[in-house]
Amino acid sequence: MARQSTRIFLPLDVSFMDDDKIIDAGEEAGWLYLAMALKCKALGVDGVLKRAQIARLHVDGWQLRLERLVEVHAVKERAGEAYLLPAYLKWNESVKQKKERLERDRARKGNPRGNQKDGGQE
């Protein structure tokens with residue numbers, strides 16, 4: 001049986017660089033978009049980051065890059081200093097979908113409550 005990887009991966013379509021919004025935003029803004037998508041995946045969120053989280057990505061000039069992403073509609077500004085990557089859920093399962101998938105997997109293995117021998121850790 002193959003060992004499962006504990007690494008997390010972000011699906012990226014091979015045509016990402018050809019996307020009209022990314023082309024219009026420019027290379028530097030596209031780099032911020034990738035950093036934001038990676039952070040969303042790492043945090044397990046549905047494509048939404050707060051402004052403070054974006055600032056901590058350590059991307060120089062992130063404010064101007066973010067403004068450009070909003071201008072071309074690659075990112076949508078939400079109330080409360082949050083930003084949504086609308087395309088994120090096209091390629092990544094939502095928090096709800098992940099929870100449902102894990103519950104199905106556990107039920108299929110005869111472990112409906114998710115109790116594991118190692119103390120319930122995933």
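The model is a predicted one, in which local features require pLDDT of at least 70 and side-chain atom pairs count only at pLDDT 80 or more, whereas totals for chains, interfaces and linings use all residues. Residues are numbered from 1 along each chain as its sequence is written, and side-chain values rest on heavy atoms, with hydrogens and water left out.

The protein contains 6 helices and 3 strands, where helices (H or I, at least four residues) and strands (E, at least two) are DSSP runs numbered from the N terminus. Read from the N terminus on, these elements follow the order α-α-β-α-α-β-β-α-α. Of its 122 residues, 27% count as buried, a term that stands for under 20% relative accessible area, with exposed meaning over 50% and partly exposed the range in between (1.4 Å probe, protein chains only). Among contacts (heavy atoms within 4.5 Å) with a separation of 6 or more, 58% come from residues 24 or more positions apart.

The second largest pocket has a volume of about 420 Å³. A pocket here is an open set of points on a 1 Å grid over the protein atoms alone, where a 1.4 Å probe fits and protein lies on both sides within 12 Å along at least five of seven lines, and lining residues have an atom within 4 Å of a point; grid points are joined across faces, edges and corners, and the volume is the space filled by probe spheres set on the points. The lining of this second largest pocket comprises 21 residues, with F16, D19, Y33, A87 and W91 lying nearest its centre. Helix 1 (20-25), helix 2 (27-43) and helix 5 (88-91) each contribute at least two residues to that lining, which divides into 14 nonpolar, 3 polar and 4 charged residues (Ala, Val, Leu, Ile, Met, Phe, Trp, Tyr, Cys and Pro being nonpolar, Asp, Glu, Lys and Arg charged, and the others, Gly among them, polar).

The loop between helix 3 (51-55) and helix 4 (62-71) holds G61, which counts as partly exposed because its relative accessibility is 40%. The C-alpha atom of G61 is separated by 9.3 Å from that of A29, 32 residues apart along the chain. H58 also lies in the loop between helix 3 and helix 4, and it counts as exposed because its relative accessibility is 71%.

Most residues other than glycine have a negative phi. H58, although not a glycine, has a positive phi of about 60°. E81, in the loop between strand 2 (76-78) and strand 3 (82-84), likewise has a positive phi of about 60° without being a glycine.
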